[in-house]
Every structure is written in structure tokens, then in C-alpha cells.
Amino acid sequence: MANRAYWGVRSREFSKSTMLDQFGKVLQTVPYSAEFPGLTSLVVRAVEPSETPLIDMDLRADPIGAGEWISMVREYLSADCIFEAEAFWDLWVYDMEKVRWQRAPQRLEIFCHGLQYDEGVWAQAGHFQAEIGFEHLLTGHARMLGPNPGSPAAPQDAAEARFQMIMSVGENLREYHRKTQENMKKLMDWMRAIEEAIPIDHWRLWSEGEENFEARVDEILAVR
């Protein structure tokens with residue numbers, strides 16, 4: 001299974017009375033996909049993840065804006081709730097069948113943690129958190145990218161072996177760097193937009209596969 005990547009943000013002046021207004025400003029910064037120009041789900045849970053949602057709406061057929069989304073969840077405002085939004089953004093993905101790069105919608109899950117939800121999970125994950133998609137779209141497969149790439153890790157299947165073979169060729173590898181950098185720059189632009197939208201105290205990036213995801217980000221962006 002492919003590893004996922006995340007960001008987490010702690011905000012100053014975060015409280016029960018400010019959380020939804022700040023979350024609305026975070027949602028307004030999302031670089032929405034051209035195919036899904038708005039929020040595509042609305043979920044509110046109370047107490048802990050195992051609880052049945054208080055509301056669970058699929059909005060993919062008619063995505064909505066941040067203002068409307070926040071208006072729909074205000075009646076559930078509570079310090080022991082989590083507010084979950086889904087959206088899509090467009091990232092460069094290599095299509096193995098068409099043998100070319102294309103921008104394709106990638107799923108985002110964006111969360112607002114109430115201070116009392118799940119025994120204060122915000123302290124680890126952030127007041128606001130997002131699952132931003134597949135790690136390899138931001139750092140590359142098998143450590144092939146970076147200023148000093150080593151031998152690629154052994155492929156897990158035939159498709160990955162073919163991908164590594166294609167990308168190991170000179171110009172293909174340079175294009176791989178460029179497309180991955182564009183994906184990462186899009187993420188960094190988003191983080192800067194969030195910093196301008198709300199009073200951030202701290203933010204961090206992490207992933208399931210990289211020991212130091214932020215260091216890998218710096219390595220990828222440093223390549224010329």
C-alpha cells in the first residue's frame with residue numbers, strides 16, 4: 001500500500017468560539033481541482049473516531065464553497081467534535097498506460113480538531129490537519145530523486161519496476177524531478193496561504209514512509 005503524507009497546523013487564539021471561523025479560512029485556501037471546484041464531503045464526529053458521525057454528507061455531485069460548508073456545520077459546534085472536509089487538488093501524475101505526465105485530481109482530507117476530541121489529539125496532530133495524498137507524488141518513488149540519489153529501492157511489483165526503468169533514463173529523470181518539484185511547490189504555496197489566512201503558531205509536514213519528510217522536501221526542491 002502506498003504511503004500517505006500529511007500536514008498539521010497549530011493556531012494561536014484557537015478556541016471553541018474561534019475554531020470554525022478559522023477552519024473556514026483554512027478551507028478557503030485549498031487549491032481546488034478544476035474537476036472538483038469545492039468541498040466534496042461533510043462529516044462531523046463527536047468524542048472519538050469510533051463514534052457514528054453526527055452528520056455525513058457526500059457532496060461530490062455538487063461541491064460547495066467554504067462559507068456554505070461552515071454554515072452547515074455550525075449547529076454541531078462543540079469542543080469534543082472533529083469536523084472533516086474532503087476536497088481534491090490537481091497534481092502531476094505519470095500515466096503508465098498513456099506514457100505521459102498529466103495533472104490529475106488527488107484526494108485531500110482536511111480536519112479541524114476540537115480541543116476535547118479524542119483525548120486532545122490536536123496536541124499531536126494540530127488544530128487543523130490534512131491528509132494530502134500519496135507521499136511519492138511529493139518526494140518521488142524509491143528515493144530516485146534528490147541531489148544525491150542512490151540506487152533505487154527494489155520494486156515491489158512489475159508496474160513499479162517498469163516505472164523505475166522509464167524514469168531512470170536521463171531526460172525522463174530530469175522531467176520527473178521537475179514534475180515532482182511542481183507538486184511540492186504547490187504544497188508550499190498552500191502552506192504559505194494558510195499562514196496568511198490564520199495566526200499560525202506552528203506547522204509541520206510528515207509521512208508514513210519518510211523518517212524526515214521535511215528534509216526530503218528540501219532535498220527535492222534543491223535540485224536544479
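A search of the whole structure finds 14 salt bridges, each being a side-chain nitrogen of Lys or Arg within 4 Å of a carboxyl oxygen of Asp or Glu. This is a predicted model, in which local features need pLDDT of at least 70 and side-chain atom pairs count only at pLDDT 80 or more, while totals for chains, interfaces and linings use all residues. Residues are numbered from 1 along each chain as its sequence is written, and side-chain values use heavy atoms, leaving out hydrogens and water.

**Salt bridges**

- Arginine 107 and glutamate 86 form a salt bridge, with 2.5 Å between the closest N and O atoms.
- Since arginine 107 lies in strand β5 and glutamate 86 in strand β4, the pair ties together parts 21 residues apart in sequence; helices (H or I, at least four residues) and strands (E, at least two) are DSSP runs numbered from the N terminus.
- Glutamate 86 is buried at 9% relative accessible area, whereas arginine 107 is partly exposed at 36% (buried is under 20%, exposed over 50%, partly exposed in between, with a 1.4 Å probe and protein chains only).
- Aspartate 189 meets arginine 192 in a salt bridge of 2.3 Å, N to O; the two are three residues apart in helix α6, about one helical turn.
- In helix α7, arginine 216 and glutamate 219 are also three residues apart, about one turn, and their salt bridge has its closest N and O atoms 2.8 Å apart.
- Arginine 216 is buried at 4% relative accessibility, while glutamate 219 is partly exposed at 30%.
- Salt bridges with shared partners join Glu171, Arg174, Glu175, Arg178 and Lys179 into one network.

**The sheet and its helices**

- Seven strands form an open sheet in the order β3-β2-β4-β5-β6-β1-β7, with antiparallel pairing (two strands pair if DSSP finds at least two bridges between them).
- The edge strands, each pairing on one side only, are β3 (55–58) and β7 (200–207).
- Helix α6 (residues 170–197) packs on the sheet, touching β1, β4, β5, β6 and β7, where contact means heavy atoms within 4.5 Å.
- The direction of α6 makes about 155° with that of β4; axes are lines fitted to C-alpha atoms, for helices over the stretch in contact, and angles run from 0 to 180 degrees between N-to-C directions.
- Helix α7 (residues 213–222) lies across β1 and β7, at about 85° to β7.

**Helix α2**

- Ala66, Trp69, Ile70 and Val73 are buried in α2 (residues 66–73).
- What covers these buried residues includes α1 (19–28), β2 (41–46) and β4 (81–95).
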